[in-house]
Amino acid sequence: MSQTLTEDKVSIKTWSGQSIPRKEDGRLVKGQGRFADDIRRHHEAHVYLLRSPYGHARIRAVDVSAAEAAPGVIATLTGAEVHFLQKPFMQIAPLPGGYIEDYCLAVDKVRFMGEPVVAVLAETAEAARDAADLVEVDYEPLPALITGEDALKDDGPVLHGKVGSNVVWHGLYDWGSIDEAKRKADKIVKIDRLHFHRFTSTPIECNAAVVEYYPGSEEYTIWCNNTMPQFAAMFMGPALGIPTDRMHFITQDIGGSFGNKITNYVYIAICAILAKKSGRPVRWTEYRTDHILGGSHGNERTFLDIEVPVKNDGTILGIDARAIDDCGAYPRYEPLGSVIWSQVVPGAYQFRNVRVDYTQVVTNKCPVGPNRGYSRLQHLWMLERVIDIVAHELNLDAVAIRKQNYIQPEQMPYETPNGCVYDSGDYPRCLDLALDLIHYDHWRQRQRELSGTGKLIGIGIGSTLDSGTNNFGQARIINHDLPFSGNGEVSNVKLDLYGEVVVTIGTTPQGQGHETTAAQVVADLLGLHPDQVRVLIGHDNGRNVYTGFSGTYASQFAVTGLGAVRGAALKLKNEIELLAAGIFGAAPDAIELVDGTARVKGKAEMAIPFIGLANIVFANNATIPDGLDVSLNCTYTYRPSFKIPDVERKFGNLTLTYATQIHACVIEVDEATGETKILEYGAADDSGTLIHPQIVEGQVHGAAGLGIGAALYEALEYDAEGQMISPNFYAYKAVTAVDVPMIKTAAIESPSPFSPNGAKGMGEGGGAPLHAICSALQDVMYQRTRAIVSDSYNPAERVYRLLRQSETANRGVHVIENRA
Amino acid sequence: MALLLRELEYVRPDSLEDAVRLLSELPDAGLLAGGQSLINVLKMRIGGYSTLIDISRLRELKAIEVGEKSLRVGAGVTYDELMHSMEVSLHRPTLVDVVGRIADPQVRNRGTLGGNCCYNDPTCHLPPILTAIGTVFEARGSHGTRMIPASEFFVSYYQTSLGPGEMLVALHVPKLKSRSGDGFVPLSVGGTDVLNIIAGAATVTLAEEGGIEEVVIVVTGASERPIRLESVEEGLKGTAGQPDDADRAFSLLDLALLDPPDDVHASAEYRRDMVPVFTRRALEQAMKNARRGIHD
């Protein structure tokens, strides 16, 4: 915060592109942030949720009489009441998957351990908790369904009877001609099975909401940390019979989400029903164990029968695979993930023949929701596994095969086989940068020197894309009847009464630094210091601008959010210029904005500060120059140029920008124990034009940390009965700062030709560490047993087993010579 | 799933004597020291007490005294206090190293030695190393004081041999003898050793000519309690402690001793395989430390 206006203005041309101190950090590091749980309402009451101890069970009876009689208890809510008060939440899937009935509390059956069964509302959180012990629920346990593959078997349990199977959605994606590619190939590499495991991003702040109902206006005020409130409203409104304009969502500071908080509307719905039922403001803050049990998990995906036609020189011609995605007990945001992966069909590669037979199923596990890298990281992980396995089976160099198959910079913009347009990028250069960061040549040499000494060194690469600003029209590929397309965000930039510049946006930042970057953009356009720009964060659909897409998710703020801010600031700039021109009798293009004043270029005496302009419009408007119609209150909606995809061919541009993340790492594996130690870690990224390089680097670090945790330490696991065996931090080893090695970063900037400022959305990271660490482990295995790293989760024990896999065991990989 | 305490009584006696008296008088009372494990257990409602007796401020439990052959460390000494104790650094430096690996500064500021031992979580750091170095536990109850060797103190998962109304007041840690060294090597979940799947601990004393005179090797995570690998110890005694000697000694490992758990962190089979790996590494570390003493 030590920069001063004069010093900075001498040394820099624009605020955009500078790593200025973040505006939000002062309050956050001092503990002065305002989060959902900081809201206090007079006469508020507390919710406790009694959750299912079973993965799958029929509810025979629920008796809340003793709980209701307990001291301090105001009301209870059961599934039977919910069945009466709520219609099932909307399903995105078409029929028969759309027959799934999802309520905010379990009705008749519980389908995952931790599913809320009864809500207790009491004067204190302790009283609610104690009373919950008095609730009697009679369960009839049912056999549980734990894996996606089992969900497709004919003789297993069916979770949602009306659907007739456990399939939420099925679709065949088929672009180019994979059959012809197989005929033309020299070899076909077959991989039996790859499994991407279940984990989550563990936001520091769990879900929370305070809901208040006003009978006079039938309005609900919802203070919460939902990160896509209008999506929540779309689910809650019809289900609860509340007109969506009577749901007033307010978000403030949010302690991380990574997508996980998008689906917390289920819990907000419980609070809304209780608020109306009790006439009291209702508070709910989730406990960590409850968050792990019943918050939101990442998608688990199994790839089967992968076939990769290749030329002898390593040219990959395509991929043919089956994918089974396990979305847990209720789809909620799903099955959107069943199309979102196709934003990055060929990853960074040139092959053009792809067939994926994709099925999403339900199981007796916690429902999934968007999770950093959502749905694309599973697919990108599979592609990177394929690249390494092909390289090793054909005895090709892992770097060379990538460079050879990468889409080249001169091919940009590049249309993928399914009509997506990669906007810009230089993948080979990013790879070189990543390899330099880890001293690649040195470690390759060390690896050879150490061969046979018992020290096992592995080098891995993860090349991924972080697609951002999605075209909601892709939802129609899932369900042709969905009335969605495009994307957009809205912002209001105005002069306030005393000339202050105030910016509002419909987003829900949760650590991305929106206040800072929005201020940089506005400061540049209006001739101000970012400290002179006030950015009000949070979504407030009762008082503030918003679109149906508003929120913070899917790597897009730099494009949609800042696009909206830029548009609104330009409109305000135009109004200020018109007003000043009218005052000074000059042409509008003769006006310049400098240091919070509007002045006629070259005439220092013809200047008026913003406070003077505001005074004229807001408090002295008899003096407005004749014929001017200015409000100094400007709103702009940014809308990327998208078309509706061809739903039959599953073809179209699904995302606007593609940031590149290429990570490389060096690991040492302890042969005696299977422990992996990261010796070097490098991340090269290309996020287009950088608005704030340090914020981007911070996102790279964060995504790398979460990915490293997922690759080595974190798995959400269930036993055969559907009991979650990792429901707290004792069993779920969430990665912490001390677990993350030193991360070296490098960045290049390939401006996006499609975004208003050349920037690309970024922040999810494409799961690059999972790919890079699995790649390095594969590099180790090829020095030993040639076992295949077929799972994305590799704790010490799994690596230990792979190192001891019999050389004659079925490795699950076959190379078929093409006789044709 | 529910992280709130049940309502309970709380008392904070001013003296150890009062604390011991209250512990035997009050029905269903538990001791609260640093609370780093106990509060979690109570919040999860796995276990419960009707009264908590807060002993965290009792000065009698905070002393570290140097005796002729051993250190007497008060049960209420926190990890952080132990780490910064000159006496412990001088006379049993391994404890400073081991305790410094526990969790993070916040936990170390509150967690106590006595609490760690009485909780006896199989994933904790202290039970194996305290067993290996021959710690004696001083317990006080209404009938007076009792000395319990580590081999009898740690009974089973989350259980010690303390009786009803009995309280751990101090740990008697033998001072490191000359030509001796300790070792502690855990296999941990995650990148830091917050939670140990297996922990190997060892102490050795070398003869003047460098051979192994005394050795104790202990493992946790392989059974319900810290166990000594006596057959391996016997195999090592009198040898030079070279890799060949260790190979021979570890081939004598009595696998029947091992009854490891099978849980979310590791399978029983993997734990079994890891026992010789981590105990041997602990032995090697102990040997190294002991030899450093000789050659310095």
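Trainee: How many residues of chain A are in contact with chain B?

Mentor: Two residues are in contact if their C-beta atoms, placed from the backbone, lie within 7 Å, and by that criterion 22 residues of chain A are in contact with 15 residues of chain B. This is a predicted model, in which local features need pLDDT of at least 70 and side-chain atom pairs count only at pLDDT 80 or more, whereas totals for chains, interfaces and linings use all residues. Residues are numbered from 1 along each chain as its sequence is written, and chains are lettered from A in the order in which they are written.

Trainee: Which helices of chain A each supply at least two residues of the side that touches chain B?

Mentor: Helices are DSSP runs (H or I, at least four residues), numbered from the N terminus; here helix 5 (125–132), helix 10 (288–294) and helix 22 (796–803) of chain A each do so.

Trainee: How is chain A divided into domains?

Mentor: Domain bounds come from an automatic or database domain assignment, which gives domain 1 (5–33 + 488–638), domain 2 (37–142 + 206–254 + 262–294) and domain 3 (174–200 + 296–473 + 645–817) in chain A. The centres of domain 2 and domain 3 of chain A, taken over C-alpha atoms, are separated by 37 Å, and 21 residues of domain 2 of chain A are in contact with 25 residues of domain 3 of chain A.

Trainee: Which residues does A:Val522 touch?

Mentor: Leaving aside residues up to four places away in sequence, A:Val522 touches A:Val493, A:Val501, A:Val503, A:Val533, A:Val565 and A:Ala569.
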